[in-house]
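The structure is shown first, and the points follow by topic.

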Amino acid sequence: MAEVDELSKPMFAGLSDVSISGDIPVEGEINVPVGTPSHDDEYSTLDEPVKDTILRDLKAVGKKFVHVMYPKKSSALLRDWDLWGPLLLCVTLALMLQGGSVDSKEDGGPQFAEVFVIIWFGSVIITLNSKLLGGTISFFQSLCVLGYCIMPLTVAMVVCRLVLLGGSGMVSFIVRLIVVTASFSWSTFASTAFLADCQPSNRKALVVYPVFLFYFVIGWMILTFSPSA
Amino acid sequence: MAANSDFLLQFQEFDSSESHLGGIGDATTISIEDTAAGSHNPQKQRRSAPVTSFEEDNDPLANDDKTELLSGQKKSAPFWTFEYYQRFFDVETHQVRRRILGSLLPWPGKNFVHLYIHNNPDLYGPFWICATLVFVIAICGNISDFLVFLGEPQYKYVPEFRKVTIAATAIYSYAWLVPLALWGLLVWRNSKVMNVVSYSFLEIVCVYGYSLAVYIPAVVLWIIPYEAVRWLSIVVALCLSGSVLVLTFWPAVRDDQPRVAIAIMTAVVALHVLLAFGCKAYFFSTLEVKHTAVDAVAGHGTKSPPTTKIQ
């Protein structure tokens, strides 16, 4: 390309007077950039209907839920992180853990703010722990994974509330215990599948243990939930 | 140069090495190792580490590699960067496992810090052991309440979530403020009496953190609603973790005046005992309450509400 520019400058016009047989073969390709954008960002999203905008985000959130339900090693959760799903799950869980025991003085269950703080503060601490141990995951990616993997526990909470509607005896306790144990192991397994790749192999257990503790505490809060009489 | 050779004569125990050490390369090697050894000294006042590095520097080429490594280790980032704190998490799974096992099985003559910490104190163990202990105490206290009052129709189960915050405050302040006070005390005594062994703040935090690890199985045993089992487990746990602390800190204070040394060790043990019995009394007190309630039933014929607990 530089050669072509140089040959076309008027400075070298005198060269045309020189008798050289035929055209001077120039090697190389000339690429003139055509002005078509290849990235999606250049496409303006201001003009699309609001429904499309919302649906696109909802589809992304839904796709991630599916990834949590069937955890295989895919990088979709990590690549396009978002915090909508964790926020939705956290608010749902905190609301359901309220239980209606707001009136009694002997209220022992966790308040909304306590659940919120435990989930977010716990996720931040686990992320910091993972990064300090030399993990290659970014801060918000880790928050995203930990938040989305609360989904099995939220499902377990819904199931527990339904079971408690039928009575709160020994049978319902055993059913709830099984459901909560299964969902807590599912959460731990799902988040480990995403997070463990980002750690050096001699520190994997050091990173997995706080995640186990985190989901264990949330599972405990779900299991000990007792509605007011 | 002359100062360096004087320094050589003072530290070296054999003069024959001086003939090996000629030339410019070795002289620069020794001066860099001086700064490396010098920065080691505030941490440990034992002379063994610099002497071994002097003995090994017969080969000038190997020295260049070692000085590169040594100067790389001593570079520390400023405290507002992330890398500064990454230094304290430089442990692997098997190291943490060894440290926990070492704190569970203390042996007279084996110093926890020298044997397991090896100049590499970490913050992972103390932080997560304390977090586990907080949640285990709260959960097991809840379970023990439930088991004690099982079968009583008037008892309504409440998950007492407030206790988690109280347990967290107690355990974390014990595991971080007591080492701070102890470290300050040891530094002050060090300025008066030269001790052979001295510990840095992080090593003391490490010892306290890992010594709390033995309480986790003990607290799980406290679920069993029999007083004999609870007393046995608390005594065994106290002996194990107390002996880890005593064996660690005795070499640091034994060169001091005997009254001061005994006073420091008594304070360390007393605080530890206070923590154990305080936790037991606050979180697991329902057995005593139930017995007094049963006595009240026998005495008065009315049943006192079981939810009145000692707060």
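**Interface and interior packing**

Across the interface of chain A and chain B, the rule finds 1 salt bridge. The model is a predicted one. Its two chains bury about 2,600 Å² between them, and the largest nonpolar core comprises 102 residues.

**Contacts between the chains**

- The salt bridge joins the side chains of A:Arg203 and B:Asp90, at 3.0 Å from N to O.
- Polar contacts between chain A and chain B amount to 8 residue pairs, with both residues at pLDDT 80 or more.
- On the side of chain A that touches chain B, α5 (112-132) and α9 (204-223) of chain A each supply at least two residues.
- The largest share of that side, 10 residues, is contributed by α9(A).
- Sorted by class, the side of chain A that touches chain B holds 17 nonpolar, 8 polar and 6 charged residues.

**Extent of the interface**

- In total, 31 residues of chain A are in contact with 25 residues of chain B.
- Carbon and sulfur atoms give 66% of the area of about 2,600 Å² buried between chain A and chain B.
- Within chain A, the residues that lose the most area to chain B are A:Leu132, A:Leu206 and A:Trp220, which together account for 24% of what that side buries.

**Nonpolar cores**

- In the largest nonpolar core, the residues that touch the most other members are A:Tyr215, A:Ile218, B:Tyr208, B:Leu212 and B:Phe249.
- Helix α9(B) gives the most to this core, with 11 residues.
- Apart from neighbours within four places in sequence, A:Ile218 is in contact with A:Leu93, A:Ile119, A:Ile150 and A:Leu153.
- A second, separate core has 7 residues, among them A:Phe65, A:Leu89, A:Tyr148 and A:Met151.

**An enclosed helix in chain A**

- Helix α6 of chain A (residues 139-148) is largely enclosed by the rest of the structure, because 8 of its 10 residues are buried.
- The buried residues of α6(A) are A:Gln141, A:Ser142, A:Leu143, A:Cys144, A:Val145, A:Leu146, A:Gly147 and A:Tyr148.
- A:Tyr148 is also one of the residues of the second core.

**A buried position in chain B**

- B:Ile137 lies in helix α9 of chain B (residues 124-148).
- With a relative accessible area of 3%, B:Ile137 falls under the 20% cut-off and is therefore buried.
- Not counting residues up to four places away in sequence, B:Ile137 touches B:Ile171, B:Val219, B:Cys279, B:Phe283 and B:Phe284.
- B:Ala168 is 31 residues from B:Ile137 along the chain, and their C-alpha atoms are separated by 9.5 Å.

Conventions. Residues numbered from 1 in each chain as written. Chains lettered and ligands numbered in written order. Predicted model: local features only at pLDDT ≥ 70, side-chain atom pairs only at ≥ 80, totals over all residues. Heavy atoms only, no water. Contact = heavy atoms within 4.5 Å. Buried area = accessible area lost by both parts, 1.4 Å probe. Salt bridge = Lys/Arg side-chain N within 4 Å of Asp/Glu carboxyl O. Polar contact = N/O pair within 3.5 Å; in protein donor to acceptor, adjacent residues only side chain to side chain. Helix = DSSP H or I, 4+ residues; strand = E, 2+ residues; numbered from the N terminus. Nonpolar A, V, L, I, M, F, W, Y, C, P; charged D, E, K, R; others polar. Buried < 20%, exposed > 50% of the residue type's maximum accessible area, 1.4 Å probe, protein only. Core = buried A, V, L, I, M, F, W, Y, C linked by side-chain atoms within 4.5 Å.
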